[in-house]
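Q: Could you walk me through this model, starting with the overall dimensions and then moving on to the charged side chains?

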Amino acid sequence: MEEKTIIIDKRDNVATAMKDLQSGEVISIGGNDIVLLDNIPVYHKFAVRDIQEGGDVVKYGEVIGKAVRNIKAGEYVHVHNIVSQRGK
Amino acid sequence: MRFMGFKRSDGSVGIRNKVLILPTVVCSSETARLISMQVEGTTTFNMQQGCGQIGRDAERTMNILVGLGKNPNVFGVVVVGLGCETAQPHIIADRIRESGKPVEVVVIQEEGGTAKAAAKGVEYARCMVEDMSEEVRTECDVSELIVAVECGGSDPTSGLAANPALGYASDPIIKEGGTIILSETTEFIGAEHILMRRAKDKAVADRIYEIVKNIEDEVKSTGADLRGANPSPGNIAGGLSTIEEKSLGCIHKGGTTPVMEVVEYGKKPTEKGLVIMDSPGFDVDSVVGMVAGGAQVCVFTTGRGTPVGNSIVPVIKVTGNPMTYRKMEDNIDINAGTILEGKNTLEDVGREIFNEILSVSNGRMTKAESFGFSEFGIWRCGITI
């Protein structure tokens, strides 16, 4: 069956939506239920754990950027709340 | 493993048989096009540099033009110059002749205008394609293949499906003794430590670190920020948030074997196996660099979809996004979107890509080829004067 979300590495604190997901939808990840706080467009990311401002955002088991503000589990994660640490 | 290719006099193997009408400068590009339009079996591209360049940048343009002429898919070359340009046509022709292939030169200022130059160029090209038509495909070994791997118009499906599936094709090409060129230094930023761990020795690891540092320092020296260019607006709309995220998906294209060598932009690898070419994340310039470095075929992954082709090598397009495949089927050869739909595994699509590389090497046309696409650009490293 087609999955709704993908987590690539167990260290990841973001998951990727495999279809358009709606705010309020409950996603079960590793036995935990996460309530989505935003609409998540297909292939975009949401937090699966709370991430503190300045904390690492992890995908592929690697750091992909830092949170520019506190991000709650279930929140949409993209250019509005994370920032690259490189090339600037 | 064997395929049917064209054995060249310098020992290299081509998978296409073309006469290249090679413009040495933007000013001779339209005349080159006139010649190519008249003669079946020729190819050309829209040249944008060749003059007003200095130092390393001018040298690089010359090297790329020579590399393209020497590419094993090219049977012979008609160099078309203006005459007064920095990239001197007679010097370029002499350097291509080292490969033993037929090379002729037409210089517009020497011939007395486009009409006379074109008439002479057409005659040279016509004779050359006649000779070329006697070339036959013979059995060649996959170890002769240099496969360029590239990504462009990426989205998160590139890192999840298309690039890792391509990695599953890169590994067996290398196992068969062939070469994979992984390029796009900008898209190693944030993933360089992974490639460095896989370097065959410390010198290669240090070189990987150095090329990434150089490109990052260069970005910083402009006072600008990589964001907005890489990831591009389309990458961001697709869901990629940072260069690190993009890079970590990007490097899967090369598979899992040790990095044997780092070569300069446009230079031919001296090692077999996985080779890194220092090149920009801008896909067209990057592909041209690998073609100048002797790649006979390119596998190009995309998330957003792109028509990009090349006049010298066939470009096999793969998307990891099932919606993009449905929307742009005329531009995409392989649908790796089936992986995210749960219908296929990475290994399944990797095998499909490997088989497609062999079919295309045997002569099967790619979609970009059937449209006759010839996008072209050279990675500049200097000012225009």
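**Chains and charge pairs**

A: For its 88 residues, a compact globule would have a radius of gyration near 12 Å, and chain A agrees with that at 12 Å; the radius is taken over C-alpha atoms, and the globule rule is 2.2 Å times the number of residues to the power 0.38. This is a predicted model, in which local features need pLDDT of at least 70 and side-chain atom pairs count only at pLDDT 80 or more, while totals for chains, interfaces and linings use all residues. Residues are numbered from 1 along each chain as its sequence is written, chains are lettered from A and ligands numbered from 1 in the order in which they are written, and side-chain values use heavy atoms, with hydrogens and water left out.

Q: What secondary structure does chain A have?
A: Chain A has 0 helices and 9 strands, where helices (H or I, at least four residues) and strands (E, at least two) are DSSP runs numbered from the N terminus. Its C-alpha atoms fill a box of roughly 40 × 20 × 20 Å along the principal axes.

Q: And how many helices and strands in chain B?
A: Chain B has 15 helices and 14 strands. Its radius of gyration is 20 Å, close to the 21 Å that the globule rule gives for 385 residues, so chain B is as compact as a globular protein of that length. The C-alpha trace of chain B spans about 60 × 50 × 40 Å along its principal axes.

Q: What share of the residues in chain B is buried?
A: In chain B, buried residues make up 63% of the 385, and in chain A 51% of the 88 residues count as buried. Buried means under 20% relative accessible area, exposed over 50%, and partly exposed in between (1.4 Å probe, protein chains only).

Q: Is A:Lys4 buried, exposed or partly exposed?
A: A:Lys4 counts as partly exposed, at 37% relative accessibility.

Q: Which residue does A:Glu75 pair with?
A: A:Glu75 forms a salt bridge with A:Arg69, and their closest N and O atoms are 3.0 Å apart. A:Glu75 is buried, with a relative accessible area of 12%, whereas A:Arg69 is partly exposed at 34%.

Q: What about B:Arg326 and B:Glu341?
A: Their side chains meet in a salt bridge at 3.4 Å, N to O. The pair links distant parts of the chain, with B:Arg326 in helix α12 (residues 322-327) and B:Glu341 in the loop between α13 (337-340) and α14 (346-362) of chain B, 15 residues apart. B:Arg326 is exposed, with a relative accessible area of 54%, but B:Glu341 is buried at 18%.

Q: Which residues do salt bridges that share partners join into one network?
A: A:Lys45, A:Lys59 and B:Glu245 are joined into one network in that way.

Technical notes:
Salt bridge = Lys/Arg side-chain N within 4 Å of Asp/Glu carboxyl O.
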